[in-house]
There are 2 protein chains.
Amino acid sequence: MTALSTVPEAGPAEFPAVAEPPLHPATRLRAILDSVAAEDGSLPPLNDELVRAMRLPDDLPEPLGISEVAEITGITAHTLRYYERIGLVETDRDTSGRRVYDRDALGRIAFVTWLRLSGMPIASVSRYLSLVKAGPDTQDERLGLLLEQRAAIVAQLRDLQGALAVVDYKITTYGGACGA
Amino acid sequence: MTALSTVPEAGPAEFPAVAEPPLHPATRLRAILDSVAAEDGSLPPLNDELVRAMRLPDDLPEPLGISEVAEITGITAHTLRYYERIGLVETDRDTSGRRVYDRDALGRIAFVTWLRLSGMPIASVSRYLSLVKAGPDTQDERLGLLLEQRAAIVAQLRDLQGALAVVDYKITTYGGACGA
DNA sequence: CTAGGCCTTCGAGTGCGCTCGAAGCCAACT
DNA sequence: AGTTGGCTTCGAGCGCACTCGAAGGCCTAG
């Protein structure tokens, strides 16, 4: 188990820390993940509480507007509306037609966000959600989709570890020529 | 050090294996990485030989045509020409104007591919390469770029581990509803 | 000498995932 | 009453990274 197989978040004093660029919008999800991670960057064993915590903050004032959800999730209001337009999420409305989000709605958004963060295309997320809606006799196909995505995630982890090795090598040999 | 912090490549018999979808084109690079990985999916300690092996296969018939490079790297000939057009790589030509690739050229392509696999935008790769060409007084900026990219990679690893946890949870609870 | 195949350039098209802007509604505050 | 601010819909536009196709060159085998 080498340093390559863990996630050295703040850097084990080997490399100077760099402000993280906001590659993906899930700031809140990341923060939750960070809050449960150990010092060496590894995650605690998977259990219900952890998964629950990774999906939702505990202190939720229940009726949330779109901009509050945007702030919590890091997804812009524009994108949230876009997701709804293409049928990726459904949202309740208040009497004047505004979107209101309860705990469950936020949970669904968080789930979609995790899938998107793992590189799953919107079309596949959509397909999965429609299977869920379609009822219990779609479990086989659902499971298939999940296993496929799991494999894709593992492949990406492998790619990233390779890239990390190459970049770290470059850093330690400090700015060497690209082919060297 | 839990199962989450390693990369369970073939799956530790917990989940059935799924044929990996070709998310990214670097089939050969992936194969090289797989060949040096331990059984539990962790990578051996970083050293020169490893990094060298991750960049190039050892048995290279030296004058390579574009389609051979395409097959080795998994990058299409179209994309290789595209990379050249936008100045991402340079390539020698034979007397009749065809592209020929030697070991160094292939090494540069592999390096670029690793950066791309880590999500670095083409523009940033380009910037880095132009700094390398510009000479040794650009080392500070080069190092900055590398550190930035390192941070981006670490962030992505964290995201993927979170997504993996969520997906695995769904798999073990077998096709449960999306918000549950 | 011609056919096949792989190469060349260049420009245009594609797919994905947002991202933005215009025009308008509604509630609350001054 | 008016003004502000945040919300609504809808369609169009954008940025990235390819991806493709057309038109033609060069070399080799039959």
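User: What share of the 180 residues of chain A counts as buried, and what does the word mean?
Analyst: Of those 180 residues, 48% count as buried. Buried means under 20% relative accessible area, exposed means over 50%, and partly exposed lies in between (1.4 Å probe, protein chains only). This is a predicted model, in which local features need pLDDT of at least 70 and side-chain atom pairs need 80 or more, while totals for chains, interfaces and linings use all residues. Residues are numbered from 1 along each chain as written, chains are lettered from A and ligands numbered from 1 in written order, and side-chain values use heavy atoms, without hydrogens or water.

User: Why is A70(A) called buried?
Analyst: Its relative accessibility is 13%. The cut-off is under 20%, so A70(A) counts as buried.

User: Where is A70(A), and what does A70(A) touch beyond four places in sequence?
Analyst: A70(A) sits in helix α3, residues 66-73 of chain A. Helices here are DSSP runs of H or I with at least four residues, strands are runs of E with at least two, and both are numbered from the N terminus. Beyond four places in sequence, A70(A) touches I75(A), T76(A), A77(A) and L80(A). Contact means heavy atoms within 4.5 Å.

User: Which residues touch the most other members of the largest nonpolar core?
Analyst: They are L80(A), Y101(A), L80(B) and Y101(B), in a core of 76 residues. A nonpolar core is a set of buried Ala, Val, Leu, Ile, Met, Phe, Trp, Tyr and Cys residues joined through side-chain atoms within 4.5 Å. Beyond four places in sequence, the contacts of Y101(A) include L80(A), V69(A) and I109(A).

User: What makes a residue count as near DNA strand D, and how many surround it?
Analyst: One heavy atom of the residue must lie within 4 Å of the strand. 18 residues surround DNA strand D, and the closest include R98(A) and Y83(B). Helix α4(B) gives the most to this surface, with five residues.

User: Which DNA atom does the side chain of Y83(B) approach?
Analyst: A phosphate oxygen of DNA strand D, at 2.7 Å from a side-chain N or O atom of Y83(B).

Methods: A polar contact is a pair of N or O atoms within 3.5 Å; within protein, one must be able to donate a hydrogen and the other to accept it, and residues adjacent in sequence count only if both atoms are side-chain atoms.
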